[in-house]
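The report then turns to some helices and to a few backbone details.

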Amino acid sequence: MVERASIEAYVDGPLLVRGDVDILDKNGHPVERTRATVALCRCGVSAIKPFCDGTHKAVHFKTDPDGPVS
Amino acid sequence: MYSPELVRPVRFIAPPFTDRGQVSRHLLHALATPVALADDELESFQAALASALASTTDIVRDDDLQLTLFVLYGLAYGSVVDCDERWEWNTALIAGRASIESHFEEHLRAVVPQPELPASTAEAVAAALFELTSHETGPSLARFLAKKATVEQLREFLVQRSIYTLKEADPHSWAIPRLTGRPKAALVEIQADEYGGGRPERMHAAIFARTMRGLGLDSRYAAYVDNVPAVTLASMNMMSMFGLNRRLRGAIVGHLAAFEMTSSIPNRHYGNGFRRLDFGPDVTLYFDEHVEADAVHEQIAGRDLAGALAEDQPTLLADIMFGASACLTVDGWASETILEAWTSHRSSLRVPLQGFSETGMR
Ligand code: FES
């Protein structure tokens with residue numbers, strides 16, 4: 001059985017991606033992925049985009065508490 | 001009793017470090033002996049331990065007691081003292097360990113600030129842990145490493161870290177069978193990544209060993225025990241105590257959450273320090289890996305591990321927050337000790353490293 005991939009939102013932080021998906025850069029080239037679960041930056045300030053590097057905390061990034069996915 | 005002639009003399013390799021007082025001396029002597037022949041040494045060990053515990057004033061900085069505890073935990077981990085493996089469950093040593101643990105835990109509970117308790121929901125606990133860890137003082141050491149540290153200081157830093165990092169993730173793994181359901185799945189998700197996701201060469205401890213070798217250091221476990229101060233051993237011992245006592249599973253979970261939450265940003269600074277002195281990707285991979293990995297782990301550790309555990313077992317909430325605060329406090333002391341030494345142009349080590357020439361090392 002192949003499990004479906006999931007993208008999960010974490011409050012005031014990144015999106016965690018689990019499962020088999022290709023992450024492509026702006027030119028359509030695959031981004032190297034070295035771990036099973038990755039965090040995608042959604043605050044815009046990470047130095048290792050598309051991945052999160054924890055800097056969202058330093059800029060006090062806040063997600064919408066009333067939004068559909070926090 | 002066996003007579004010595006009946007027991008084939010077994011030769012064990014002498015440990016790569018020396019004792020720091022009566023307690024660790026008797027322990028190391030006992031471990032050099034087969035279990036059945038060590039009664040006298042054990043008696044001396046117990047007597048020395050009782051008197052050391054009665055007189056110690058700061059167990060975190062007590063060299064003899066921290067080394068003793070480190071060696072005792074080493075019987076469960078391996079790679080510390082080569083000895084008869086039956087020593088691991090020897091009742092006299094287990095009793096000795098329990099008596100040091102009881103003083104150590106009591107001391108930590110007295111000196112570590114107990115944070116205010118959030119509601120027992122996953123989101124509230126994650127938010128409280130992120131808030132608590134946002135005040136940590138560690139980055140000053142990270143900034144020093146990024147901007148000012150010399151090659152000797154980088155080497156000292158790796159030596160200090162090696163006590164934990166060559167066994168990276170192991171102390172927290174003791175908690176896996178002690179959890180159930182969501183927190184267990186979360187811990188396994190983090191630890192699987194720590195252990196390289198099935199690729200031994202990507203195990204964090206193995207990547208760190210390559211970094212050590214890249215600076216000409218010995219990456220065998222326990223090679224630098226003599227060099228590190230008691231507080232560095234205390235940091236590792238605290239994790240082992242939290243991990244090996246099921247009763248303290250809340251504390252080891254909180255510890256891991258705080259550890260992950262204070263890792264990504266400092267690791268970027270560490271990596272920059274090594275790049276500044278022209279070390280290449282073989283050396284900096286460890287730090288770069290942690291910038292990305294721990295940004296994932298901190299999310300899982302906050303909400304799905306610590307948060308879910310608090311939701312499932314609200315009685316563990318206080319220990320989750322205590323474990324997080326203990327991580328920040330003790331690792332804060334360890335970092336301060338290093339930084340204080342360096343800013344006053346001293347070695348941060350108990351025994352400075354010898355025999356490095358700074359030419360041709362990179
Ligand atoms: S979401 Fe973490 S750095 Fe942007």
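What follows describes a predicted model, beginning with the contact between the chains.

## The interface

The contact draws 21 residues from chain A and 21 residues from chain B, and the two chains bury about 1700 Å² between them, with 47% of that area on carbon and sulfur atoms. Of the area that chain A buries against chain B, 36% is supplied by A:Tyr10, A:Arg35 and A:Lys57, which is more than any other three residues supply.

Polar contacts across the interface of chain A and chain B involve 14 residue pairs, counted with both residues at pLDDT 80 or more. On the side of chain A that touches chain B, the elements giving two or more residues are strand 1 (6-9), strand 2 (15-18) and strand 3 (37-40) of chain A; strand 3 of chain A gives the most, with three residues. By residue type, that side of chain A divides into ten nonpolar, six polar and five charged residues.

## Salt bridges

| Residue with N | Residue with O | N to O separation |
|---|---|---|
| A:Arg35 | B:Asp193 | 2.5 Å |
| A:Arg35 | B:Glu289 | 2.7 Å |
| A:Arg18 | B:Asp304 | 4.0 Å |
| B:Arg20 | B:Asp63 | 2.6 Å |

Which residues form salt bridges with A:Arg35? One partner is B:Asp193 and another is B:Glu289. The salt bridge of A:Arg35 with B:Asp193 has closest N and O atoms 2.5 Å apart; B:Asp193 lies in helix 9 (residues 181-194) of chain B and A:Arg35 in the loop between strand 2 and strand 3 of chain A, so the pair joins two chains. The side chains of A:Arg35 and B:Glu289 also meet in a salt bridge, at 2.7 Å from N to O, and this pair likewise crosses between chains, from the loop between strand 2 and strand 3 of chain A to helix 14 (residues 281-312) of chain B. A:Arg35 counts as buried because its relative accessibility is 4%, and B:Asp193 counts as buried because its value is 13%. B:Glu289 is buried as well.

Within chain B, the side chains of B:Arg20 and B:Asp63 form a salt bridge of 2.6 Å. This pair links distant parts of the chain, 43 residues apart, with B:Arg20 in the segment before helix 1 (22-31) of chain B and B:Asp63 in helix 3 (residues 63-77) of chain B. B:Arg20, at 11% relative accessibility, counts as buried, whereas B:Asp63, at 26%, counts as partly exposed. Elsewhere, salt bridges that share partners join A:Glu8, A:Arg18, B:Glu123, B:Glu189, B:Arg303 and B:Asp304 into one network.

Helix 7 (residues 151-165) of chain B has 15 residues and reaches 19 Å from its first C-alpha to its last, close to the expected 21 Å. Helix 7 of chain B is mostly covered, with 13 of its 15 residues buried. Helix 13 (residues 264-276) of chain B has 13 residues and also has its end-to-end C-alpha reach given as 19 Å, close to the expected 18 Å. Among the buried residues of helix 13 of chain B are B:His269, B:Tyr270 and B:Phe274.

B:Asn245 sits in the loop between helix 11 (230-244) and helix 12 (249-261) of chain B, and counts as buried because its relative accessibility is 18%. Leaving aside neighbours within four places in sequence, B:Asn245 is in contact with B:Glu101 and B:Arg178; with B:Glu101 the side chains are joined by a polar contact of 3.3 Å.

## Backbone details

Most residues other than glycine have a negative phi, and most peptide bonds are trans. A cis peptide bond, with omega of about 10°, joins A:Lys49 and A:Pro50, and A:Pro50 is in the segment after strand 3 of chain A.

A:His60, also in the segment after strand 3 of chain A, has a positive phi of about 55° although it is not a glycine; at 60% relative accessibility, A:His60 counts as exposed. B:Asp278 has a positive phi near 70° and lies in the loop between helix 13 and helix 14 of chain B. With a relative accessible area of 62%, B:Asp278 is exposed.

Terms used. Residues numbered from 1 in each chain as written. Chains lettered and ligands numbered in written order. Heavy atoms only, no water. Contact = heavy atoms within 4.5 Å. Buried area = accessible area lost by both parts, 1.4 Å probe. Polar contact = N/O pair within 3.5 Å; in protein donor to acceptor, adjacent residues only side chain to side chain. Helix = DSSP H or I, 4+ residues; strand = E, 2+ residues; numbered from the N terminus. Nonpolar A, V, L, I, M, F, W, Y, C, P; charged D, E, K, R; others polar. Expected span 1.5 Å × (residues − 1). Buried < 20%, exposed > 50% of the residue type's maximum accessible area, 1.4 Å probe, protein only.
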